[in-house]
Amino acid sequence: MKNLYQTAMQDAAGEANFPQLLLREALLPELLGEDQGAITYWAGKSLARRFPVGNPQDASAFFAQAGFGTLTMVKQTAQSTRWQLSGDIVRLRKTLSGDEAFTLEAGFLAEMMAQQLGVAAEAELVDTPRKLQNQAVTF
């Protein structure tokens, strides 16, 4: 992991996002260790149950209000929905720890879709288009 403090303070959006970066990129990995991905995925599902959203527009608003980033539905078919998460916080977090750090958001999306569709749903990170790889993640 790159130096969190230096990375955050050298970025125009870093200071505003430093509290979240401190918790998500420094404290949680230390507390959760190897189980971080599984625990934060479950935590995301739990959050979606506590804060249900009824449609994609509400999901985008919730993600912005929670400081997760800008959520956009890219494509929806009968079998899957593709979401993209972007914004300053996403770019900073990708700089610090890469794609694997977004399991909380994946869990939230999985549970949200399960609630909306009435079926079991899972979310996973998929390849982000090359031109957006440094600033977005795709589920």
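The legends below describe close-up views of a predicted model. Local features require pLDDT of at least 70 and side-chain atom pairs count only at pLDDT 80 or more, whereas totals for chains, interfaces and linings use all residues. Residues are numbered from 1 along each chain as its sequence is written, and side-chain values use heavy atoms, with hydrogens and water left out.

**View 1. The antiparallel pair of strands β1 and β2.** Strand β1 spans residues 70–76 and strand β2 spans residues 81–86; six bridges link the two in the antiparallel sense. Strands are DSSP runs of E of at least two residues, helices are runs of H or I of at least four, and both are numbered from the N terminus; two strands pair if DSSP finds at least two bridges between them. Lys75 has Arg82 of β2 as its bridge partner.

**View 2. The largest pocket.** Its volume is about 440 Å³. A pocket is an open set of points on a 1 Å grid over the protein atoms alone, where a 1.4 Å probe fits, with protein on both sides within 12 Å along at least five of seven lines; lining residues have an atom within 4 Å of a point. The volume is the space filled by probe spheres set on the points, which are joined across faces, edges and corners. Of the 20 lining residues, Gln79, Ser80, Thr81, Arg82 and Glu122 lie nearest the centre. Elements giving two or more residues to this lining are β1, β2 and α6 (103–117), and α6 gives the most, with four. The lining comprises eleven nonpolar, five polar and four charged residues; Ala, Val, Leu, Ile, Met, Phe, Trp, Tyr, Cys and Pro count as nonpolar, Asp, Glu, Lys and Arg as charged, and the others, Gly among them, as polar.

**View 3. The second largest pocket.** This pocket holds about 170 Å³ of space. It is lined by 14 residues, with Arg24, Pro29, Gln36, Glu100 and Ala101 closest to its centre. Two or more lining residues come from each of α2 (14–32), α3 (36–50), α5 (88–97) and α6. Helix α2 gives the most, with four residues. By class, the lining has five nonpolar, five polar and four charged residues.

**View 4. The packing of helices α4 and α6.** Helix α4 (residues 56–66) packs with α6 at an angle of about 155°, and the axes are 12 Å apart. Helix α4 is therefore roughly antiparallel to α6, a term for angles over 145 degrees.

Notes. Axes fitted to C-alpha atoms, helices over the stretch in contact; angles between N-to-C directions. Parallel < 35°, antiparallel > 145°, perpendicular 65-115°, else oblique.
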